[in-house]
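Hello,

Here is the structure we discussed. Please open it first, then read my notes below.

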Amino acid sequence: MTLRLFNTLPGQIEPLAPADGAALRMYACGPTVYDYGHIGNFRTFLQVDVLRRFLKLTGVRVRHVMNITDVDDKIIRNAAAAGIPISEYTAKFEQAFFEDLDALKVERPEVLPHATEHIGKMVELVQKLEAEGAAYKTEDGSWYFRLAAFPQYGKLSKKDLGGMEDGARVDVDEYEKDSARDFAMWKAAKAGETAWDTPIGRGRPGWHLECSAMAMEFLGDNFDLHAGGEDLMFPHHENEIAQSEMATHKPFARHWMHVRFLLVEGKKMSKSEGNFYTLRDLMLKGYKASAIRLALISVPYRHQLNFTFDGLTEATSAISRLRTFHERLTAGNFEAGENPDLQQAAKKAETEYMAALANDLNTAEARAPIFDLVRAGNTAIDQGHLLADDRDAILAVLKDFDAVFDVIRDDDAELTKRALAWAEEAGRIGEVSAEVREGSALTDEAIEALVVERTQAKKQRNFARADEIRNDLASKGVVIEDSKDGVRWKRK
Ligand SMILES: [Zn+2]
């Protein structure tokens with residue numbers, strides 16, 4: 001099964017397979033480690049995770065490179081304000097970034113280069129571009145890319161760049177003007193700034209140069225896929241293409257994947273709107289990492305996601321349905337044999353699930369047959385129709401589902417505990433909801449003891465005490481469920 005994925009460059013869906021037949025070489029723009037990541041950043045990383053997990057599920061080997069930008073204007077400014085070296089400043093946020101990726105179960109790319117460790121390659125690229133007549137040095141010692149040297153500029157974003165003025169320059173990494181400008185690849189050192197002494201002068205690389213140099217260093221001049229958020233298409237990705245293709249005279253990435261922005265409660269996420277959330281903000285409010293993962297991937301990457309708290313609640317209960325069903329299958333005793341209807345249902349779910357993902361990673365359509373199967377399976381268990389071979393067939397489908405979605409395995413309690421420990425350290429414990437604080441203080445053993453006490457109270461017809469225990473646990477985020485199979489409890 002070959003994935004068909006929208007390619008921004010030609011503007012159409014195309015098959016995506018490794019050109020060398022061995023491994024799919026892909027580059028995804030990574031974080032600038034100057035602050036905690038917000039859910040908009042993480043949506044992009046999660047959607048790229050869905051891509052790489054699905055490729056692996058279909059048997060494609062992946063060589064995935066993601067840069068860590070550990071030097072830029074903001075980092076230099078913030079480190080100076082904190083009075084510490086930039087490496088010390090970025091180390092803290094890099095560690096936080098990986099903790100967040102782990103909490104969200106984002107797989108690590110195969111290669112994670114730091115910009116500051118590849119300055120030599122960036123300098124070489126500027127030298128090559130100078131030899132091509134596409135780079136020039138300004139009076140202060142900075143180096144710029146000459147846009148007029150690359151007439152195809154704009155081919156990715158298809159922007160109308162009519163306002164392009166020869167020689168007009170911009171020295172910041174991010175700019176929003178539609179009219180293109182010669183952009184800084186290398187910035188001359190200013191007094192007191194972190195800088196490197198190199199053959200092209202003393203200074204530091206710009207962000208665009210970093211990605212071109214590191215992508216080609218680890219993947220070759222021409223590779224299979226380049227991914228990033230839609231906000232990076234212009235100018236960042238256009239600049240990467242211009243630098244790389246001018247230097248090598250070969251096409252840079254063949255396939256471009258852009259993940260759309262999200263809205264939060266219907267509005268653009270911003271600090272001034274009060275709807276700006278890091279992963280940690282949400283976890284302190286009591287939302288589980290698994291629910292945040294599911295909510296952020298359940299809308300396909302090319303669609304705008306409206307991230308809402310209702311959506312998070314929906315994701316929480318969907319995961320709970322999956323986990324409860326999975327537990328019923330693994331813990332239950334089923335008679336030998338198979339039920340043709342369930343065998344058929346499992347096959348259908350698997351086929352539809354894989355087909356939906358192969359169709360431009362349609363995660364929303366991929367979810368639906370899995371939840372249909374959960375419903376059918378639960379009904380069959382209730383009626384005693386589910387047999388041992390059916391259990392195996394259904395578990396195999398859930399395994400493939402989790403190979404991409406990864407929400408059934410439950411380590412939410414541990415992750416919440418870690419978020420609390422961080423809040424304590426960061427002086428943010430006051431933001432933690434009471435339910436989370438108290439629930440986390442409650443050990444599994446303490447909960448078990450209360451559940452046993454409640455069962456005994458019910459037997460003795462002491463319903464007041466039984467209700468009291470149930471309500472007390474509920475206020476601490478623990479739910480008790482009475483079912484035919486006995487009493488179960490779980491953390492909400
Ligand atoms: Zn990049």
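**Zinc site**

In this predicted model, the zinc ion has four protein donors: Cys 29 (SG), Cys 211 (SG), His 236 (NE2) and Glu 240 (OE). They lie 2.0 to 2.8 Å from the zinc ion. The angles subtended by the four donor atoms run from 72 to 135°, so the arrangement is irregular. For a tetrahedral call, all angles would have to lie between 85 and 135 degrees. Along the chain, the donor spacing reads C-x181-C-x24-H-x3-E.

Cys 29 sits in the loop between β3 (23–28) and α1 (39–57), while Cys 211 belongs to helix α5 (residues 207–219). The pair therefore ties together parts that are 182 residues apart in sequence. Both cysteines, Cys 29 and Cys 211, are buried.

**Around β3**

β3 pairs with strand β4 (residues 61–66) in the parallel sense, over six bridges. Together, β3, α1 and β4 form a right-handed β-α-β unit.

**Helix α11**

α11 (residues 363–382) has 20 residues. From first C-alpha to last it reaches 29 Å, close to the 28 Å expected at 1.5 Å a residue. Its buried residues include Thr 363, Arg 367, Pro 369, Phe 371, Gly 377 and Ile 381. What do the buried residues of α11 pack against? Their partners are α1, α8 (289–297), α9 (309–331), α10 (340–358) and α12 (388–404). Just after α11, Gly 384 takes a positive phi of about 75°.

Best wishes

Key: Residues numbered from 1 in each chain as written. Predicted model: local features only at pLDDT ≥ 70, side-chain atom pairs only at ≥ 80, totals over all residues. Heavy atoms only, no water. Donors = N, O, S within 2.8 Å, 3.2 Å for Na, K, Ca; no water. Tetrahedral: all angles 85-135°; square planar, octahedral: opposite > 155°, others 65-115°. Helix = DSSP H or I, 4+ residues; strand = E, 2+ residues; numbered from the N terminus. Buried < 20%, exposed > 50% of the residue type's maximum accessible area, 1.4 Å probe, protein only. Pairing = 2+ DSSP bridges. Right-handed = clockwise from strand over helix to strand, strands pointing away. Expected span 1.5 Å × (residues − 1). Contact = heavy atoms within 4.5 Å.
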